[in-house]
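Have a look at the sequence and the structure first, then read on.

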Amino acid sequence: MEKIQYTGTNYAQIKEFAGDKVLAPYFCMGFNMLSLQTKDGFVTVNEGDYIIKGDDGEFCIE
């Protein structure tokens, strides 16, 4: 298992970590967010959230 925290300013590191599973960041109601593709579909990643890559290569949010 690997994980990385989204700080709102580290999109390049998130993109390197998650590849094509992550969409470009967007700004909504004063917050930076990302969309991440998981086995359950796309989920929102908020500033401060951790993206976890499981041993099976699937992603989830903590």
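Which residue takes a positive phi in the hairpin of β5 and β6? That's G57, with a phi near 90°, in a hairpin that has five residues between its strands. Keep in mind that this is a predicted model, where local features need pLDDT of at least 70 and side-chain atom pairs count only at pLDDT 80 or more, while totals for chains, interfaces and linings use all residues. Residues are numbered from 1 along each chain as its sequence is written, and side-chain values use heavy atoms, with hydrogens and water left out.

**The sheet**

- Three strands form an open sheet in the order β1-β5-β6, and the pairing is antiparallel. (Strands are DSSP runs of E with at least two residues, helices are runs of H or I with at least four, and both are numbered from the N terminus; two strands pair if DSSP finds at least two bridges between them.)
- β1 (2–5) and β6 (59–61) sit at the edges with a single partner strand each, so one side of each has no neighbour in the sheet.
- From one strand to the next, the twist averages 25°. (Axes are lines fitted to C-alpha atoms, for helices over the stretch in contact, and angles run from 0 to 180 degrees between N-to-C directions.)

**Who bridges whom**

- β1 and β5 run antiparallel and are joined by four bridges; K3 has I52 in β5 as its bridge partner.
- I52 also has a bridge partner in β6, namely C60.
- Three bridges link β5 (residues 50–53) to β6, and K53 has F59 in β6 as its bridge partner.

**The helix on the sheet**

- Helix α1 (residues 11–18) packs on the sheet and touches β1, β5 and β6, with its direction at about 160° to that of β1. (Contact means heavy atoms within 4.5 Å.)
- I14, F17 and A18 are the buried residues of α1. (Buried is under 20% relative accessible area, exposed is over 50%, and partly exposed is in between, using a 1.4 Å probe and protein chains only.)
- Seen down the axis of α1, its buried residues fall within an arc of 80°, so they line one face of the helix. (The arc is that of the directions from the helix axis to the C-beta atoms.)
- The face of α1 turned away from the buried side carries A12 and E16, which are exposed.
- The cover over the buried residues of α1 includes β1, β2 (22–28), β3 (31–38), β5 and β6.
- Following α1 comes G19, with a positive phi near 60°.
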